Amino acid sequence: MLNRRARALFTRLFTPVAKVLLKAGVTPDAVTVFGTLGAVVSAAVLYPMGQLFWGTVAVTLFIFSDVVDGIMARLSGRSGSWGGFLDATLDRFADGVLFGSVAFWFFTGGGNPYIGAASLTCLVLGSVVSYARAKAESLGFSCNVGIAERAERILALLLLTGLTGLGLPEVYLLVTLVLLALASLVTIAQRIGTVHRQASLNAK
């Protein structure tokens, strides 16, 4: 997750926007859906065309809706299980399209299957990271640990993909994706270990 200072900064920046949307009758759920659809369409259309920089710009603009909808929910008193479920579910959908679209480009017109494979690996491992926490919490365990949270994974992908679109050598994107995959593996191990310890204590 983003650290507390970053969250506080974004909250200050986007609270006025959230207030305007609420006054206009827009719901947090509508912002969640709109932001996800915008990010998905931007990635699915622009990345496969090789527009890595502009694709990243478009996706980033829509990604900020993930901050706005949370602020709106808190201001309107609508924070709850439904909003959390919708947000988490659509996040998984967006992640799949983002990493998948980057992989598609580098498997095809981008001509770098190593980056394509690394992006798909990050997609699979990132899904396991999220699933491990969701499954653990559904069983009554606490599992909010790990070095590769979603925010960091998406930030790294967007930053390096955008810079690659501006001419940064592709090797930097490849190394970043490999490091993300390794960090995801570590996070999976951390979450398995955390749940195992809790289960062992409960069994005593």
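This is a predicted model: local features need pLDDT of at least 70, side-chain atom pairs count only at pLDDT 80 or more; totals for chains, interfaces and linings use all residues.
**Entry 1**

An angle over 145 degrees counts as roughly antiparallel.

Next I listed who meets whom. From H7 I noted Arg-153, Ala-156, Leu-157, Leu-160, Thr-161 and Thr-164. They meet Glu-170, Tyr-172, Leu-173, Thr-176, Leu-177, Leu-180 and Ser-184 in H8. I sorted the residues of this contact by class and got 7 nonpolar, 4 polar and 2 charged.

**Entry 2. Helices H2 and H4**

I then turned to H2, residues 28-46, and H4, residues 65-76. At what angle do the axes of H2 and H4 cross? I read roughly 175°, with the axes coming within 8 Å. H2 and H4 are therefore roughly antiparallel to each other.

On the H2 side, the contact is made by Pro-28, Val-31, Thr-32, Gly-35 and Thr-36. On the H4 side I found Ser-65, Val-68, Asp-69, Met-72, Ala-73 and Ser-76. By class, the contact of H2 with H4 holds 5 nonpolar, 5 polar and 1 charged residues.

Side chains of opposite charge can pair when their charged atoms come close. I searched the whole structure for such pairs and found 6 salt bridges.

I looked at Asp-66 and Arg-150. Their side chains meet in a salt bridge, 3.8 Å from N to O. Asp-66 sits in helix H4 and Arg-150 in helix H7, residues 150-165, so the pair ties together parts that are 84 residues apart in sequence. Arg-150 counts as buried, at 15% relative accessibility.

Arg-150 also forms a salt bridge with Asp-95. Here the closest N and O atoms are 2.8 Å apart. This pair links distant parts of the chain too: Asp-95 is in helix H5, residues 81-107, and Arg-150 is in H7, 55 residues apart. Both Asp-95 and Arg-150 are buried.

**Entry 3. Glu-149 and Arg-191**

I moved one pair on. The side chains of Glu-149 and Arg-191 meet in a salt bridge, 3.2 Å from N to O. Which parts does this pair tie together? Glu-149 lies in the loop between helix H6 (113-138) and H7, and Arg-191 in helix H8 (residues 170-203), so the two parts are 42 residues apart in sequence. I checked burial for each partner. Glu-149 counts as buried at 12% relative accessibility. Arg-191 counts as buried at 2%.

Then I followed shared partners. Salt bridges that share partners join Asp-66, Asp-91, Arg-92, Asp-95 and Arg-150 into one network.

**Entry 4. Ser-130**

I checked Ser-130, which lies in helix H6. Ser-130 counts as buried, at 17% relative accessibility. Which residues does Ser-130 touch, not counting residues up to four places away in sequence? I found Arg-92, Arg-153 and Arg-191.

**Entry 5. Aromatic pairs**

A pair of aromatic rings is described by the distance of the centres and the angle of the planes. My search of the whole structure gave 4 aromatic pairs. I wrote up two of them.

Phe-14 and Phe-64 have ring centres 5.1 Å apart and planes at 35°, so the pair is tilted. Phe-14 lies in helix H1 (residues 4-23) and Phe-64 in the loop between helix H3 (52-63) and H4, so the pair ties together parts 50 residues apart in sequence. Phe-14 is buried, with a relative accessible area of 17%. Phe-64 counts as partly exposed, at 28%.

Phe-53 and Trp-54 have ring centres 5.0 Å apart and planes at 70°, so this pair is edge-to-face. Phe-53 is partly exposed, at 26% relative accessible area. Trp-54 is exposed, at 53%.

**Entry 6. Met-49**

My last stop was Met-49, in the loop between H2 and H3. Met-49 counts as exposed, at 53% relative accessibility. How far is Met-49 from Gly-109 in space? I got 7.9 Å, C-alpha to C-alpha, for two residues that are 60 residues apart in sequence.

Key: Residues are numbered from 1 along each chain as its sequence is written. Side-chain values use heavy atoms; hydrogens and water are left out. Axes are lines fitted to C-alpha atoms, for helices over the stretch in contact, and angles run from 0 to 180 degrees between N-to-C directions. Helices (H or I, at least four residues) and strands (E, at least two) are DSSP runs, numbered from the N terminus. Angles under 35 degrees count as roughly parallel, over 145 as roughly antiparallel, 65 to 115 as roughly perpendicular and the rest as oblique. Contact means heavy atoms within 4.5 Å. Ala, Val, Leu, Ile, Met, Phe, Trp, Tyr, Cys and Pro count as nonpolar, Asp, Glu, Lys and Arg as charged, and the others, Gly among them, as polar. A salt bridge is a side-chain nitrogen of Lys or Arg within 4 Å of a carboxyl oxygen of Asp or Glu. Buried means under 20% relative accessible area, exposed over 50%, partly exposed in between (1.4 Å probe, protein chains only). Rings of Phe, Tyr and Trp (its six-membered ring) pair if their centres lie within 6.5 Å; planes under 30 degrees apart count as stacked, over 60 as edge-to-face and the rest as tilted.
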